[in-house]
Each structure stands twice: as C-alpha cells, then as structure tokens.
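Here is a short briefing on one predicted protein model.

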Amino acid sequence: MAWKWKYSPKEQLEDMSSLHPGLTGLQNLENTCYMNAVLQCLCSLTPLVQYFLSGKWNPALHQEIGESATAFGCLVSDMWLGEFDFVSPEAFHSVFGKRHPAFSSKTQHDAQEFLICVLDDLHEAFKQVRAHSAAGASTRSSSGTSIITHLFEGQLSYAIRCLTCKALSDKPESFTVLSLPIPSTRVCSLQDCLECFFQPDTLTRNNQIYCHWCGSNQDATVTASITKAPQIIIFHLKRFAWQDKNRRKLSTTVCYPFSDLDLSPYISPSCNNNTEYSLCAVVNHAGDLDYGHYTAFCKHSITQHWYSFDDAQVTKIPDSAVQADTAYLLFYISQGY
C-alpha cells in the first residue's frame with residue numbers, strides 16, 4: 001500500500017488543516033498498553049514522522065519482509081491526519097505478531113523489549129546494504145544502514161585493560177537503547193544513572209577476560225564511552241531487578257532534565273556529534289509486575305505542548321506533570337537537530 005502524501009519539509013507538518021494532527025489515541029486491544037505507549041512515542045518523533053509522511057519510505061522498503069513496516073507507516077499517517085479521536089492498531093498488531101510470535105497474543109509484555117523489536121524490524125525492512133560478489137554471486141551483508149540507524153543507532157567503545165600486562169584493547173558495540181542501572185536510593189538523577197553505567201568496572205574471578213598477550217584469563221578493568229552519539233537517544237531505566245531469586249520493581253524517583261542534557265562526560269573526544277539533548281517523549285509504567293499499566297508523555301512537535309497518551313485517551317498536561325516516578329523509557333533528541 002503506497003502512502004500518497006508528499007510532505008517533506010518540517011514546516012509543512014504545520015500546514016495540515018485537520019483539527020488535531022499527531023494527537024490521536026490508540027485503542028487497547030486487551031493488554032496492549034505497552035504497545036500503544038511505545039507507538040505513541042515513536043509517532044511523536046519529528047524526523048521519523050517526516051520520513052513516513054514524505055513517502056520516502058516507499059522506495060526504500062523491502063516488500064518481502066516489509067508488511068509490518070507498511071502497517072506502521074499507515075498507522076503514522078492515520079495518527080497525523082487527525083480526523084479521529086483514536087484509531088485501532090489492530091492491523092499493525094496482527095502483521096507484527098506474524099513476524100514476531102512472542103507479541104502475537106494479547107497479553108502484557110515489556111515495553112522496552114517491544115521497542116527494540118520494532119526498531120529492529122523497521123531497520124530490516126528499510127536497510128540498504130552494499131552488495132559484493134562472492135564466487136560470482138551477489139550477496140548481502142548482514143549489516144546496513146536505514147532510517148533507524150540514521151536516527152537511533154549509537155556506538156559504544158569498551159576500553160579493556162589487562163591488570164597483569166597493562167595491554168589495552170577496544171571492543172565496539174552498537175546500541176539503539178541504553179539500559180541504565182538505578183542507584184539504590186529513594187531519589188536520584190538521570191545523571192546518577194549515567195554515572196553508574198559509565199563508571200569503570202573491574203572484572204575478576206569468573207568474569208576475567210582472556211588476554212592474548214598473557215595467553216590466559218586475567219583480571220581487567222573495563223571503561224565504556226560513546227564514540228558515536230545518535231540523533232535520538234533512548235534510555236531504559238532498569239526498574240525491574242532480581243533480588244533473592246525474585247523479580248521486583250524499583251520505585252526510585254529518577255529526576256531527568258527537559259533540556260540541556262549534557263552527555264559530553266561520557267563521549268569520546270574523537271566524537272564530533274552534538275552532546276546536548278532535549279526530552280521529547282516518555283514511556284511510563286505504573287503498578288507492579290503483574291498488574292502494571294503503560295502510558296506515554298509526548299511533546300507535540302508543532303504546539304510544543306506536552307500530552308498524556310493513555311490508550312485512547314489524549315490529554316494536555318503541564319510541563320510539571322512530565323516529571324513522574326513512573327518513567328521507564330526516556331526519549332531525547334539532539335538539540336543540534
């Protein structure tokens with residue numbers, strides 16, 4: 001199904017004459033609040049919305065694996081037409097569940113796991129790869145670039161130093177979501193969570209690394225840094241933790257900035273990206289492990305107001321309400337965008 005709109009410049013989003021573009025609720029299909037909250041956040045991100053409303057996704061789509069990406073594109077357009085108070089994500093849920101059976105049932109799932117799966121699925125549907133000839137046949141590499149890697153993919157580097165011979169090696173790793181530990185205090189800041197993630201770690205005993213220079217397992221220190229900062233960075237606050245073989249939820253209040261989040265302390269000097277970010281969307285989780293409920297807070301790209309998305313219900317909220325104890329996923333966009 002081809003989407004016919006040809007909006008591409010950012011300003012043209014403002015020319016849409018409907019009553020409430022981008023403020024459309026999503027019907028709950030029985031325990032699908034996790035999906036609705038994530039979809040609302042993704043459908044509020046200006047560069048991703050532009051990509052779909054402009055029609056640029058059509059020529060990039062791999063038809064044979066692009067059914068759920070097509071359904072996502074149609075959902076974006078439905079939500080930005082603004083003709084309805086809410087729409088049903090049934091078509092997307094159905095085709096996505098066929099490709100990813102774990103999400104086919106209408107039972108509660110973890111929003112972070114669903115988000116990663118959606119981003120991976122969209123990447124596969126749109127990725128452009130370099131073809132190379134092997135034994136006379138053209139083959140595809142497993143990597144590639146797409147709108148997802150362009151907007152969401154960052155790069156970490158783990159500097160590993162052997163404590164015996166002092167040899168230093170680097171291990172690169174790509175990410176689309178950074179899972180941050182939460183300090184064991186009643187109140188902390190997002191900066192505290194980042195400090196925990198990026199603080200040097202010492203690997204000993206069963207966690208030793210194999211040192212090629214020493215020829216055996218050795219104690220080592222590991223220090224992470226960001227070598228490529230993404231345009232949109234997503235933080236997953238690890239609220240669900242194991243304690244004495246039981247999984248529990250951490251109710252720690254995490255204070256997060258609305259603007260000027262500075263990631264420069266954690267970014268490699270060789271990285272030339274802009275290091276300051278502004279908050280643009282939040283996935284919330286209220287309740288406990290068994291009876292929780294997901295909602296979303298999104299900043300509207302045109303009005304610059306914040307809105308709460310609780311399945312089919314959309315409500316304008318004051319900025320002060322966006323700082324919540326229930327925050328689970330935080331979406332930040334580069335202020336250089």
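Two strands pair if DSSP finds at least two bridges between them. Helices (H or I, at least four residues) and strands (E, at least two) are DSSP runs, numbered from the N terminus. The model is predicted: local features need pLDDT of at least 70, side-chain atom pairs count only at pLDDT 80 or more, and totals for chains, interfaces and linings use all residues. Residues are numbered from 1 along each chain as its sequence is written, and side-chain values use heavy atoms, with hydrogens and water left out.

**Whole chain**
- The chain has 8 helices and 22 strands.
- Of its 337 residues, 50% count as buried (under 20% relative accessible area; exposed is over 50%, partly exposed in between; 1.4 Å probe, protein chains only).
- Take contacts (heavy atoms within 4.5 Å) between residues at least 6 apart in sequence: 67% of them join residues at least 24 apart.
- The accessible surface comes to about 16500 Å², and 49% of that belongs to carbon and sulfur atoms. Areas come from the Shrake-Rupley method with a 1.4 Å probe; for residues, only the protein chains shown count as cover.

- Four strands form an open sheet in the order β6-β5-β12-β9, with antiparallel pairing.
- β6 (168-175) and β9 (201-203) are the edges; each has a single partner strand, so one side of each lacks a neighbour in the sheet.
- From one strand to the next, the twist averages 30°.
- β9 and β12 (residues 220-228) run antiparallel, joined by 3 bridges. Leu-203 sits opposite Ala-220 in β12.
- Helix α8 (residues 190-198) packs on this sheet, touching β5 (154-162) and β12. The direction of α8 makes about 125° with that of β12. Axes are lines fitted to C-alpha atoms, for helices over the stretch in contact, and angles run from 0 to 180 degrees between N-to-C directions.
- Leu-190, Cys-193, Leu-194 and Phe-198 of α8 are buried. They cover an arc of only 125° around the axis, so they lie on the same side of α8. That arc is taken from the directions from the helix axis to the C-beta atoms.

- Strand β19 (residues 293-299) has 5 of its 7 residues buried, so the rest of the structure largely encloses it.
- β18 (residues 276-286) runs antiparallel to β19, with 6 bridges. Ala-281 faces Cys-298 in β19.
- The β18 and β19 hairpin has 6 residues between the strands, and Gly-287 takes a positive phi near 95°.
- β20 (residues 306-310) also runs antiparallel to β19, with 4 bridges. Ala-296 stands opposite Phe-309 in β20.
- The hairpin of β19 and β20 has 6 residues between them; Gln-304 in the turn has a positive phi of about 65°.

- Asp-121 lies in helix α6 (residues 111-126). Its relative accessible area is 2%, so Asp-121 is buried.
- The side chains of Asp-121 and Arg-99 make a polar contact at 2.7 Å. A polar contact is a pair of N or O atoms within 3.5 Å; within protein, one must be able to donate a hydrogen and the other to accept it, and residues adjacent in sequence count only if both atoms are side-chain atoms.
- Beyond neighbours within four places in sequence, Asp-121 touches Ser-68, Ala-69, Phe-96, Arg-99 and His-100.
- Glu-195 is in helix α8. At 43% relative accessible area, Glu-195 is partly exposed.
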